[in-house]
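The following exercises concern a predicted model. Each task is followed by a solution in steps.

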Protein chains: 4
Amino acid sequence: MGDKSLQKKQFILENAREIFMVKGYKNVTMKDIVDKCEISRGGLYLYFNSTKEVFEEVLKMEVSETDDIFQDAIGEEASSMDILLLFFKEQKKELLRKRKNLTTAIYEFYFENKVAKKENSIRRQFDVAVKIMQQLIEEGVANGEFFCDNPLAMARNIMFVIEGLKISSQTMGITEEMIDSEFGYIVQWLALEE
Amino acid sequence: MGDKSLQKKQFILENAREIFMVKGYKNVTMKDIVDKCEISRGGLYLYFNSTKEVFEEVLKMEVSETDDIFQDAIGEEASSMDILLLFFKEQKKELLRKRKNLTTAIYEFYFENKVAKKENSIRRQFDVAVKIMQQLIEEGVANGEFFCDNPLAMARNIMFVIEGLKISSQTMGITEEMIDSEFGYIVQWLALEE
Amino acid sequence: MGDKSLQKKQFILENAREIFMVKGYKNVTMKDIVDKCEISRGGLYLYFNSTKEVFEEVLKMEVSETDDIFQDAIGEEASSMDILLLFFKEQKKELLRKRKNLTTAIYEFYFENKVAKKENSIRRQFDVAVKIMQQLIEEGVANGEFFCDNPLAMARNIMFVIEGLKISSQTMGITEEMIDSEFGYIVQWLALEE
Amino acid sequence: MGDKSLQKKQFILENAREIFMVKGYKNVTMKDIVDKCEISRGGLYLYFNSTKEVFEEVLKMEVSETDDIFQDAIGEEASSMDILLLFFKEQKKELLRKRKNLTTAIYEFYFENKVAKKENSIRRQFDVAVKIMQQLIEEGVANGEFFCDNPLAMARNIMFVIEGLKISSQTMGITEEMIDSEFGYIVQWLALEE
DNA sequence: CATGAATGAGAGTTCATTCAT
DNA sequence: GATGAATGAACTCTCATTCAT
């Protein structure tokens with residue numbers, strides 16, 4: 001596949017991503033993608049054989065992007081608390097971007113494709129996030145910023161809360177106040193000398 | 001609608017519920033329901049005009065049932081901690097019942113139908129659960145069992161964690177250990193004198 | 001499937017048969033059948049899931065009919081020679097019905113579906129035909145009409161010649177003269193005292 | 001068309017022939033040929049405009065080859081019987097080479113293209129074969145090896161039997177025993193003084 | 001009320017054929 | 001000459017929905 005082909009593939013993926021954000025996963029048809037990209041039916045099949053294939057590649061792009069969010073937060077020299085606050089700020093921004101995110105599509109995709117642990121990107125991301133969060137807490141504890149006797153459990157608690165907020169934002173809707181309240185409580189919890 | 005009609009409607013709903021548990025929401029067709037119930041196509045349309053209508057009624061049944069779980073836990077005269085532990089035990093049982101629950105279907109339904117707050121049963125249930133949890137914590141604090149300076153935030157934290165566990169169980173899979181760890185940490189936190 | 005349904009199925013099969021006679025097997029699409037029958041796309045799928053299924057049933061009808069040809073010839077009280085001549089006459093008629101027979105379709109079908117011996121109707125028919133022909137020759141020999149020291153080989157020779165004529169009529173075309181010459185030679189061969 | 005072009009054309013034809021042997025005629029697509037030859041789609045169209053055109057040329061190659069079989073048999077100085085036996089041996093070998101021959105493709109091709117006598121290679125080959133067979137028999141009769149009062153009819157009988165065996169080998173399957181029995185009976189018949 | 005045959009819109013998919021490079 | 005991406009017509013198949021009985 002030549003350079004031009006790769007560009008076209010990228011072009012399709014970006015357009016498809018837009019559609020998945022609006023319509024979720026299951027509702028998207030090959031025709032939707034064809035129409036959005038203004039290419040021919042057969043043309044799309046040169047690159048992808050199903051919406052599943054398209055979505056899997058969209059997901060790959062997505063993952064490498066979201067990984068960066070964390071890296072950015074960690075990368076900057078800052079106190080543990082600052083990093084945590086920055087992370088929460090990013091998450092909040094993401095959570096409030098209601099219509100325009102892939103959350104629904106990703107969930108739908110994994111409902112449909114109960115993937116084994118290893119290849120499950122959602123799981124991998126979750127595990128990575130927990131690990132980094134745990135390290136962050138441990139560092140914070142080490143330098144006296146945080147108080148926590150079980151950083152792993154706390155890290156998981158935080159990530160499950162974020163999962164809970166994510167799914168809630170897609171099903172019942174959540175307010176900014178709820179996010180602030182949740183993240184604020186966690187921060188307070190960590191900062192509190194027991 | 002006569003008595004016999006009501007019975008038939010109920011019969012359809014119960015069968016449909018089984019299907020939704022296995023196939024989720026979007027994958028279920030009117031034909032699936034017709035086949036499972038062994039009624040005629042036209043027959044089904046006498047009672048419901050779409051899978052959406054069917055699911056909405058299934059959901060109504062469901063809600064009244066799940067409400068009971070909480071009531072049961074509260075109803076028994078017991079210490080706040082006992083009630084909390086009982087509640088967690090019920091939730092754990094539910095979380096581990098992998099294939100045979102409506103979780104996926106419900107999420108899918110709400111992805112499809114971003115319902116206004118009022119009519120959103122998932123939201124109503126969540127709010128009720130938070131409120132009761134808050135009361136429980138407050139009682140626990142009052143009688144010296146728990147220590148918590150922000151029962152509302154804590155109640156929300158618990159319910160978001162549960163939401164997070166629920167969605168995770170359907171997408172990436174969770175282990176019994178993860179559930180125990182989460183709930184254990186929360187219990188410990190509440191019981192801990194700061 | 002009710003009585004009416006059976007009639008409709010029969011109706012489809014008869015129309016499909018016409019199409020198979022004209023277009024062969026592979027060239028026939030579900031749409032061809034739909035158009036000829038003037039029914040809806042979905043309507044056809046109520047009865048058959050593929051052209052293969054349709055053709056298999058057409059074949060069943062056909063077999064029971066062709067079986068009769070032989071039975072008719074045998075049924076009449078007549079000399080062995082008369083029966084043989086009658087049989088050849090029928091075959092000739094069939095061979096000359098150029099456009100309007102299923103021969104091509106049947107061959108194409110078996111090219112596509114190299115069926116195991118047992119379920120292979122073409123094989124079954126051939127074997128039956130050989131057996132009956134052998135009996136006929138044996139009877140003819142017994143009553144002094146025919147002379148033949150290997151009725152089985154002769155029966156097979158006759159049936160293979162007929163197969164050869166059949167396929168030749170569909171590929172290179174054969175003349176009435178060729179048929180007469182072939183059958184005439186065989187008759188002479190059998191009648192000839194060695 | 002230059003020398004290099006001719007080579008390429010030949011290269012395509014040889015590869016295409018392989019495909020036709022495996023997949024028959026109708027099932028072969030331009031893509032199949034392109035893939036097998038590892039050339040570009042456009043490249044193939046420089047030489048052939050359709051699978052039909054390709055097959056027609058494959059057929060031409062084929063014919064000149066098969067003609068040789070006969071010539072070889074005749075060429076050697078041998079008794080008529082030896083030549084006949086040699087010819088049958090070749091035919092038998094061909095008949096038993098089940099998967100790897102063009103028989104099915106050729107039949108399919110002529111089903112699709114009911115060609116006029118003149119250009120019909122199958123017909124031409126058949127006629128030639130009959131003629132040579134007739135001469136062979138006549139020679140055999142002349143030198144006292146064979147007994148036959150109608151060499152033309154006998155020659156045709158033989159060739160139709162071979163056609164019958166060919167088609168039968170592709171549709172219902174034939175055993176070695178059946179071939180031996182058929183050819184044996186014919187040989188015996190020719191050798192027999194009446 | 002209840003049936004289930006029938007409809008047709010629309011999704012998926014394949015392939016011969018073209019054409020800018 | 002040669003390439004291979006792109007096109008679009010044609011097919012297969014599925015379902016929600018209707019309607020005569």
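**Exercise 1.** Determine how chain A is placed relative to chain D and to chain C.

*Solution.* Begin with chain A and chain D: their nearest C-alpha atoms are 13 Å apart, and the two chains do not touch. Proceed to chain A and chain C, where the nearest C-alpha atoms are 21 Å apart; these chains do not touch either.

**Exercise 2.** Describe the protein surface near DNA strand E, from the nearest residues to its division by class.

*Solution.* Start with the residues: 35 lie around DNA strand E, and A:Gly42, B:Gly42, B:Gly43, C:Gly42 and D:Thr29 come nearest. Next, assign the surface to elements. Those that give two or more residues include helix 2 (30-37) and helix 3 (41-45) of chain A, as well as helix 1 (3-23) and helix 3 (41-47) of chain B. The largest share, four residues, comes from helix 3 of chain B.

**Exercise 3.** Carry out the corresponding analysis for DNA strand F.

*Solution.* Of the 36 residues around DNA strand F, the nearest are A:Gly42, B:Thr29, C:Gly42, D:Gly42 and D:Gly43. Among the elements that give two or more residues are helix 1 (3-23) and helix 3 of chain A, and helix 2 (30-37) and helix 3 of chain C. Helix 3 of chain D gives the most, with four residues. The division by class is 10 nonpolar, 18 polar and eight charged residues.

Terms used:
Residues numbered from 1 in each chain as written. Chains lettered and ligands numbered in written order. Predicted model: local features only at pLDDT ≥ 70, side-chain atom pairs only at ≥ 80, totals over all residues. Near = placed C-beta within 6 Å. Contact = placed C-beta atoms within 7 Å. Nonpolar A, V, L, I, M, F, W, Y, C, P; charged D, E, K, R; others polar.
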